[in-house]
Amino acid sequence: AADAVLSVAPGGTVSLAGGSVDIEGDIIARSGTISLEAKTLVAGDLPNSTTTGFTPDIPDPSGLFDLVVGGDAFLDASGLWVNDTGADLPDLQGGAFIDGGTIALRTDTRTAICKTAECTQLTGLGMGVTPIVDLTGNIVLAGGSILDASSGGRITPAGLFQLDAAGRAEGRGGGISLRTEVGNFTTFTNP
């Protein structure tokens with residue numbers, strides 16, 4: 001749901017995988033890891049299987065196994081902004097979680113043989129050629145969706161930016177990866 005929020009402690013990990021993935025709310029893992037994977041599987045398939053029991057009945061079943069980040073979704077792996085100005089030792093937050101984290105979106109490669117007339121009678125498909133259908137999902141980032149792995153920063157107890165060895169404000173941006181067609185294509189005949 002668009003108003004749903006899944007949050008873990010700073011530096012934590014959220015890892016979700018399914019046959020397809022549709023994120024409409026917020027996932028928050030500040031300075032941590034958010035990993036989402038559309039595995040192109042259906043009910044009854046084994047989680048780490050390289051095949052699926054899904055049998056396509058059309059040549060282009062696009063959209064079935066997509067990874068969708070909806071228009072109201074917010075994936076937040078950004079670093080924390082910490083203000084330790086004047087803080088006593090027990091109240092210090094420190095700079096442990098000021099770096100941006102990682103957001104990884106991935107869809108697995110999967111194909112299947114289509115045996116319906118709509119597939120076997122495709123124009124241009126030679127006689128005796130098996131129609132192999134690509135089931136691999138797309139990664140869809142809807143307008144308005146936000147993916148954030150930016151850095152945070154820290155103000156020290158003295159009221160100054162925490163600096164790195166080169167004199168720059170401490171805090172590094174994280175990484176965002178969008179990977180589709182992950183793995184090897186494996187074609188099989190459904191029983």
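Contact here means heavy atoms within 4.5 Å. This is a predicted model, in which local features need pLDDT of at least 70 and side-chain atom pairs count only at pLDDT 80 or more, while totals for chains, interfaces and linings use all residues. Residues are numbered from 1 along each chain as its sequence is written, and side-chain values use heavy atoms, with hydrogens and water left out.

**View 1. Ile34 and its surroundings.**
Leaving out residues up to four places away in sequence, Ile34 touches Val14, Ile27, Ala29, Leu75, Asp76, Ala77, Thr102, Ile103 and Ala104. One of these, Val14, stands opposite Ile34 in strand 5. Strands here (E, at least two residues), like helices (H or I, at least four), are DSSP runs numbered from the N terminus. Two strands count as paired if DSSP finds at least two bridges between them. Strand 2 (residues 13-18) and strand 5 (residues 33-38) run parallel, with six bridges joining them. Strand 5 is also joined by six bridges to strand 9 (residues 102-108), again in parallel. Look for Leu36 there: its bridge partner in strand 9 is Leu105.

**View 2. The largest nonpolar core, and another one apart from it.**
A nonpolar core is a set of buried Ala, Val, Leu, Ile, Met, Phe, Trp, Tyr and Cys residues joined through side-chain atoms within 4.5 Å. Buried means under 20% relative accessible area, exposed means over 50%, and partly exposed is in between (1.4 Å probe, protein chains only). The largest core has 15 residues, and those with the most contacts inside it are Ile23, Ile27, Ile34, Leu36, Leu67, Leu75 and Leu105. Strand 3 (21-23), strand 5, strand 6 and strand 9 each give two or more residues to this core. Strand 5 supplies the largest share, three residues. Another core, of seven residues, lies apart from it and includes Phe54, Cys119, Val133 and Leu135.

Four strands make an open sheet in the order 1-4-7-13, and the pairing is parallel. Strand 1 (5-7) and strand 13 (146-148) are at the edges with a single partner strand each, so one side of each is left without a neighbour in the sheet. On average, neighbouring strands of this sheet are turned by 5 degrees against each other, direction ignored; axes are lines fitted to C-alpha atoms (for helices, over the stretch in contact), and angles run from 0 to 180 degrees between N-to-C directions. Zoom in on strand 7 (residues 74-76) and strand 13, and you'll find three bridges in the parallel sense. Asp76 has Asp148 as its bridge partner in strand 13.

Strand 6 and strand 12 run parallel and are joined by three bridges, with Leu67 opposite Ile139 in strand 12.

The structure holds one disulfide, the term being used for a pair of cysteine sulfur atoms within 2.5 Å. It joins Cys114 to Cys119, with S to S at 2.0 Å. The disulfide is right-handed because the torsion about the S-S bond of Cys114 and Cys119 is about 75 degrees. Both cysteines, Cys114 and Cys119, are buried. Pro59 is in the loop between strand 5 and strand 6 (67-69) and counts as partly exposed, at 30% relative accessibility. Pro59 and Ile132 are 73 residues apart along the chain, and their C-alpha atoms are separated by 8.2 Å.

Pro10 sits in the loop between strand 1 and strand 2 and is partly exposed, with a relative accessible area of 37%. Beyond its neighbours within four places in sequence, Pro10 is in contact with Arg30, Leu80 and Phe97. Asp164 belongs to the loop between strand 14 (153-155) and strand 15 (175-182), and counts as buried at 17% relative accessibility.
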